[in-house]
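Subject: Handing over the structure

Hi there,

Here is the structure I promised to pass on to you.

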Amino acid sequence: MTPDQAPEFQPGIQPRPSLWRRLDILSRRGLPAVLTALAVLLLSAPFGLPGQAELLPGILLSSVFFWSVFRPASMSSPIVFLLGILVDLLGFGPPGVMLLVVLLVHGVALSGRYGFSRAHILLLWLVFAGVSLGATALQWGLISALSLHLVPAIAFAFQWVLGVGLFPLLCVVFSTMGRSIANPDRA
């Protein structure tokens, strides 16, 4: 066998990764969660942009859904829990509503990840649209029930349209990140 035909994996004793290599892997694995948390913080700041409050759940759900399907180690359940707590603490509704919604989206993405990860982007977009519609309807129902009156659904419909509309763009950005900077297997 010539050197250019050698297999990629050589069996035998492998040296332990250095401290810097382990820190590099950890930072690459944590990048999606950190960027999602930064997006939550930026979108919760009072910039006065139109549709800013409705954009936050769409970006959060898109990020959680995408990374739970394609890189579940980067968007684990404890991280999703902390992101939900962060959104709830910033005061975008009754406590626990976004936490429950985000955890349910994470669970749906994890349970179907093997099929979703092999699906064409248009099919994945349709699946996300359905999951996001269910999550938005659940959020509207819980907020209406907890406030003891029907909250106008137009803001939630706008939130859903923004989230579904941003998903393909975010998929391109996340896919590029997943192949480059956020890839823990990259040397």
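Below are some notes on how to read the model, followed by what was found in it.

This is a predicted model, in which local features need pLDDT of at least 70 and side-chain atom pairs count only at pLDDT 80 or more, while totals for chains, interfaces and linings use all residues. Residues are numbered from 1 along each chain as its sequence is written, and side-chain values use heavy atoms, with hydrogens and water left out.

Let's start with the core. The largest nonpolar core has 33 residues; such a core is a set of buried Ala, Val, Leu, Ile, Met, Phe, Trp, Tyr and Cys residues joined through side-chain atoms within 4.5 Å. Buried here means under 20% relative accessible area, with exposed over 50% and partly exposed in between (1.4 Å probe, protein chains only). At least two core residues come from each of α1 (19–44), α2 (52–70), α3, α4 (97–111), α6 (121–147) and α7 (154–179), and α2 gives the most, with nine. Helices are DSSP runs of H or I, at least four residues long, numbered from the N terminus. Among the residues with the most contacts inside the core are Trp67 and Val105. Beyond four places in sequence, Val105 touches Leu61, Val64, Phe65, Val131 and Ala135, where contact means heavy atoms within 4.5 Å.

Next, Asp88, which sits in helix α3 (residues 77–89). Asp88 is buried yet has no salt bridge, and the nearest side chain of opposite charge, Arg113, is 24 Å away. A salt bridge needs a side-chain nitrogen of Lys or Arg within 4 Å of a carboxyl oxygen of Asp or Glu; for charge, Lys and Arg count as positive and Asp and Glu as negative, with His and the chain ends not counted. A polar atom of the Asp88 side chain does lie 3.4 Å from the backbone nitrogen of Met98 and one lies 3.3 Å from that of Leu99.

Two loop residues are also worth a look. Arg71, in the loop between α2 and α3, counts as buried because its relative accessibility is 19%. A polar atom of the Arg71 side chain lies 3.1 Å from the backbone oxygen of Gly178. Gly51 is in the loop between α1 and α2 and, at 18% relative accessibility, counts as buried too. Gly51 and Leu162 are 111 residues apart in sequence, with their C-alpha atoms 8.8 Å apart in space.

Best wishes

Notes:
Polar contact = N/O pair within 3.5 Å; in protein donor to acceptor, adjacent residues only side chain to side chain.
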